[in-house]
Amino acid sequence: LDMEWLCGLGPMAARDLFPCLWRGKYFSSGNEPAENNSVTPMLRHLIYKIKSTGPITVAEYMKEVLTNPAKGYYMKHDMLGEEGDFITSPEISQMFGELLGIWFISEWIAAGKNAAFQLVELGPGKGTLLEDILRVFSQLGSLLKNCDISLHLVEVSQKLSEIQALTLTEEKVPLERNAESPVYMKGVTKSGIPVSWYRDLQDVPKEYSFYLAHEFFDVLPVHKFQKTPHGWREVLVDIDPQVSDKLRFVLAPCATPAETFIQDDETRDHVEVCPEAGVVIQELSQRISLTGGAALIADYGHDGTKTDTFRGFRGHRLHDVLTAPGTADLTADVDFSYLRRMSQGKVASLGPIEQQTFLRNMGIDVRLKILLDKTDEPSLRQQLLQGYNMLMNPMKMGERFNFLALVPHQRLHGRSHQTNARQSKPSPSPVAGFGELAWQ
Ligand code: SAH
């Protein structure tokens with residue numbers, strides 16, 4: 001990493017700071033007092049479904065509540081920010097996206113400066129993270145000159161894809177829409193980069209790519225299992241027989257198919273497994289091993305040690321997961337040990353390492369100082385320091401959030417995917433953010 005890069009980035013970008021909750025803070029026992037018993041359209045839909053086919057798995061519950069095309073939580077509203085239900089790192093401070101932008105440039109250089117790359121983001125929210133990354137790409141344009149960049153957004157939410165388009169694209173160039181096509185929207189960013197939207201990673205062209213997933217894996221559906229004297233039993237969602245229009249958790253009376261996901265040597269008595277996350281990691285690993293590139297995954301999570309982390313958020317507060325479904329976010333901690341296992345050795349993995357370590361290795365302290373030096377305005381300085389504190393403080397997001405990178409095996413053994421002069425380089429440069437501070 002070159003210190004000059006941080007100096008080359010611009011001043012403060014407009015950003016609001018809210019005194020509110022981020023999703024990684026609490027664990028839900030599922031026992032919080034129900035603050036709202038309203039019968040939502042989603043609850044009616046689920047009750048109908050359970051009455052006709054029996055109790056459903058927690059994974060099916062989560063999938064329906066979050067991404068059902070007609071009524072899903074993510075499909076129709078904007079949940080990020082002060083008016084919404086939670087806030088994420090890119091929304092808190094511009095420094096977050098800037099340092100990630102530098103990470104991608106650094107990996108692109110270390111891997112041999114491919115003539116083109118796709119930047120693929122899974123679950124881009126409001127597009128803020130990409131906006132900050134693209135600003136870095138423009139400001140450090142001399143490094144990337146002659147590189148052909150395209151953006152590929154994997155997003156299921158119609159509402160959020162519209163917000164992403166507003167954030168990223170040039171108003172004067174109209175968007176192309178085709179709801180029937182796997183590429184449901186296309187446009188051009190303010191800096192002239194082509195951008196396409198997909199619902200599924202499978203549809204993104206299998207070209208040399210850098211992949212980014214920030215707070216994406218935690219919304220994918222989890223199965224939950226409880227150890228009982230009779231073996232593992234899956235936790236299901238059923239209708240409460242005592243109270244009308246209310247859901248409750250029950251244990252499956254016998255073994256269910258998803259049980260095969262539990263490791264034979266599992267020692268916990270309650271586990272959450274996210275098969276969809278496994279499918280995404282397998283796809284990423286396959287792509288990276290074939291074409292090169294890298295994936296950067298950041299989320300709150302653990303390394304196969306935690307038990308019950310399924311929880312809900314609404315209006316920046318914890319919310320009972322079974323109450324008023326469709327009006328609150330549902331999430332579970334990411335099991336990084338599972339993600340690494342699902343890469344099946346096709347790629348090398350680095351991390352997970354804590355957010356505070358990753359951002360410090362990427363130079364957040366230097367970047368903060370540069371931004372502070374550029375502004376005398378007390379409220380802006382305050383905002384920068386508060387943002388830094390939220391991202392870095394171990395009691396806030398510094399420890400709970402982790403970074404995991406997937407890179408081709410060649411990347412760590414000094415050989416580049418491309419046939420060029422760099423192939424003979426004796427030792428590869430360390431992967432930025434994951435090793436000792438490597439500023440020049
Ligand atoms: N990365 C953003 C937003 C995180 S919220 C940030 O950090 O601010 C989760 C995002 O994933 C939202 O954009 C949501 O619409 C999207 N999403 C949820 N389930 C998805 C799925 N199955 N496929 C693609 N995107 C999904």
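Select Pro352 in strand S17, residues 348–354. Strands (E, at least two residues) and helices (H or I, at least four) are DSSP runs, numbered from the N terminus. This is a predicted model, where local features need pLDDT of at least 70, side-chain atom pairs count only at pLDDT 80 or more, and totals for chains, interfaces and linings use all residues. Residues are numbered from 1 along each chain as its sequence is written, and side-chain values use heavy atoms, without hydrogens and water.

Stay on Pro352. A cis peptide bond joins Gly351 to Pro352, with omega about 5°.

Next, go to Asp245. Find it in the loop between strand S9 (231–239) and strand S10 (247–251). Asp245 is not a glycine, yet its phi is positive, about 55°. Most residues other than glycine have a negative phi, and most peptide bonds are trans.

- Thr88: 2.6 Å to a side-chain N or O atom.
- Glu155: 2.6 Å to a side-chain N or O atom.
- Gly125: 3.0 Å to a polar backbone atom.

The protein covers 95% of the 570 Å² of accessible area that the ligand has on its own (Shrake-Rupley method, 1.4 Å probe).

Finish with the rings. The structure holds twelve aromatic pairs (Phe, Tyr or Trp six-membered ring centres within 6.5 Å; planes under 30 degrees apart are stacked, over 60 edge-to-face, the rest tilted). Select Phe117 and Phe137: their ring centres are 6.0 Å apart and their planes at 85°, so the pair is edge-to-face. The pair links distant parts of the chain, 20 residues apart: Phe117 in strand S2 (residues 116–122) and Phe137 in helix H7 (residues 128–139).

Definitions and conventions
A polar contact is a pair of N or O atoms within 3.5 Å; within protein, one must be able to donate a hydrogen and the other to accept it, and residues adjacent in sequence count only if both atoms are side-chain atoms.
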